[in-house]
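Subject: Handover of a protein structure

Dear colleague,

Please find below the structure that I am handing over to you.

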Amino acid sequence: MQYQTESWSSFLPTRSVDGDPLGRIEKLASENAVVVFSKSTCCMCHAIKRLFCGMGVNPTVYELDEDPRGKDLERALMRLLGSSSAVPVVFVGGKLVGAMDRVMASHINGTLVPLLKEAGALWL
């Protein structure tokens, strides 16, 4: 399985997002066509990454358990989703798609592929 994992050290926040986890999430989510916030030990996160790789999409993955401020981002994602589970969370084209259930529902009902094409993550 191949996907792009970003090193957290290369994403030191600027003053505008320093101390603001939601601002940091927004910034990271808008920098690539498909962004997955994940944990390296999460089986649902693994399934989402496999789904995208199987479709020929190369998501950018941020492993929250490898980020020194990952707990803050995790809490912000839980608030954003209104859920007790923070991962996986998927953004396509800088827009929140949601957690595993929303991504799978979009895949099953046929709305995920057009969204990926619109974001430039899928060409076929």
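The model is predicted: local features need pLDDT of at least 70, side-chain atom pairs count only at pLDDT 80 or more, and totals for chains, interfaces and linings use all residues. Residues are numbered from 1 along each chain as its sequence is written, and side-chain values use heavy atoms, with hydrogens and water left out.

**The chain as a whole**

The protein chain has five helices and five strands. Helices (H or I, at least four residues) and strands (E, at least two) are DSSP runs, numbered from the N terminus. Along the sequence they follow the pattern β-α-β-α-β-α-β-β-α-α. Of the 124 residues, 41% count as buried. Here buried means under 20% relative accessible area, exposed means over 50%, and partly exposed lies in between (1.4 Å probe, protein chains only). A contact means heavy atoms within 4.5 Å. Among the contacts with a separation of 6 or more, 65% come from residues 24 or more positions apart.

**Helix α2**

Helix α2 has 12 residues and reaches 16 Å from its first C-alpha to its last, close to the 16 Å expected at 1.5 Å a residue. The expected span is 1.5 Å times one less than the number of residues. Its buried residues are C45, I48, K49, L51 and F52. Seen down the axis of α2, these fall within an arc of 155°, so they line one face of the helix. The arc is that of the directions from the helix axis to the C-beta atoms. Just after α2, G56 takes a positive phi of about 90°.

The loop between β2 and α2 contains T41. With a relative accessibility of 72%, T41 counts as exposed. T41 and D65 are 24 residues apart along the chain, and their C-alpha atoms are separated by 8.5 Å.

How do the axes of α1 and α3 cross, and at what angle? They come within 9 Å and cross at roughly 85°. Axes are lines fitted to C-alpha atoms, for helices over the stretch in contact, and angles run from 0 to 180 degrees between N-to-C directions. The two helices are therefore roughly perpendicular to each other. Angles of 65 to 115 degrees count as roughly perpendicular, under 35 as roughly parallel, over 145 as roughly antiparallel and the rest as oblique. In this contact, P21, L22, R24 and I25 of α1 meet D72, L73, A76, L77, R79 and L80 of α3.

Helix α3 is followed by G82, with a positive phi near 65°. In the loop between α3 and β4 lies P88. A cis peptide bond joins V87 and P88, with omega about -5°.

G98 lies in strand β5 (residues 95-98). Is G98 buried or exposed? G98 is buried, with a relative accessible area of 4%. Leaving aside residues up to four places away in sequence, G98 touches L81, P88, V89, V90 and V103.

In helix α4 (residues 100-109), M100, V103 and S106 are buried. Down the axis of α4, its buried residues fall within an arc of 135°, so they line one face of the helix. D101, R102, I108 and N109 are exposed on the other side of α4. The buried residues of α4 pack against α2 (43-54), β4, β5 and α5 (112-119). G110 follows α4 and has a positive phi near 85°.

With kind regards
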